[in-house]
Amino acid sequence: LRNKPKCFDSLKAKGLIPHLDTGGAATPGVMATIAGWGSTGVPKGQDGYYYATRQREASVPLISNAACTAAYKGVNAYYYYMDTEIFDDMLCADGDTKDSCQGDSGGPLWVPRSLGGVTQVGVVSFGVGCAENPGVYSRVSAYYDWILGHVPSLRPPGWTKPPASSP
């Protein structure tokens, strides 16, 4: 897309490129959509899982970070117990029987915009099992400036790079 900005701008104008969440769109209780080509979670035997032959989508409700941290307290994850703390740069969704799974990592999590189109609020990160525990996502708003600094075609008019923070 770097060499075809007019094409990218056209897709963005049509609402086919998601807006990035600058904060506030990822509210617990809001229904979000995940998409990917990952495992359908159907056991295939000792060799793993069946993977989607087409992109699939699922609607899942966002939950609070506190609820997600509580859900992961003492979870048996592959022969060891884990207490995962969900930090501010993460968010979670708990769809009971729907979830992202192996092979979906890096895929989008988005919510509808009131003006039309969608806002990407997350990126598939991890979970324990598929639809056994909440799915955990990287929170887009926490990385908004980094994303814009590395993907010029997403920058809104007038955007300037923020000053580097000191350690």
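Predicted model: local features only at pLDDT ≥ 70, side-chain atom pairs only at ≥ 80, totals over all residues.

**A first look around**

Colour by secondary structure and you'll find three helices and eleven strands. Starting at the N terminus, the elements go α-β-β-β-β-β-α-β-β-β-β-β-β-α.

**Stop one: strands side by side**

Select β2, residues 31-36, together with β5, residues 56-63. These two run antiparallel, with six bridges joining them. Zoom in on Ile 34 and you'll see Ala 58 of β5 standing opposite.

Which residue of β8 is the bridge partner of Leu 62? Click on Ala 93: that's the one.

**Stop two: the largest nonpolar core**

Next, show the side chains of Ile 34, Leu 62, Leu 91, Leu 109, Val 121 and Tyr 137. Within the largest nonpolar core, which has 13 residues, these have the most contacts. Strands β2, β5, β8, β9 (108-112) and β10 (118-126) each supply at least two of the core's residues. The largest share, three residues, comes from β5. As a general rule, nonpolar side chains in soluble globular proteins tend to be buried together.

Stay on Leu 91 for a moment. Beyond its neighbours within four places in sequence, Leu 91 touches a list of residues including Ala 26, Leu 62, Leu 109, Val 121 and Tyr 137.

**Last stop: another core**

Finally, select Cys 68, Tyr 72, Val 75 and Met 90. They're among the nine residues of another core, apart from the largest one.

Notes:
Residues numbered from 1 in each chain as written. Heavy atoms only, no water. Pairing = 2+ DSSP bridges. Helix = DSSP H or I, 4+ residues; strand = E, 2+ residues; numbered from the N terminus. Core = buried A, V, L, I, M, F, W, Y, C linked by side-chain atoms within 4.5 Å. Buried < 20%, exposed > 50% of the residue type's maximum accessible area, 1.4 Å probe, protein only. Contact = heavy atoms within 4.5 Å.
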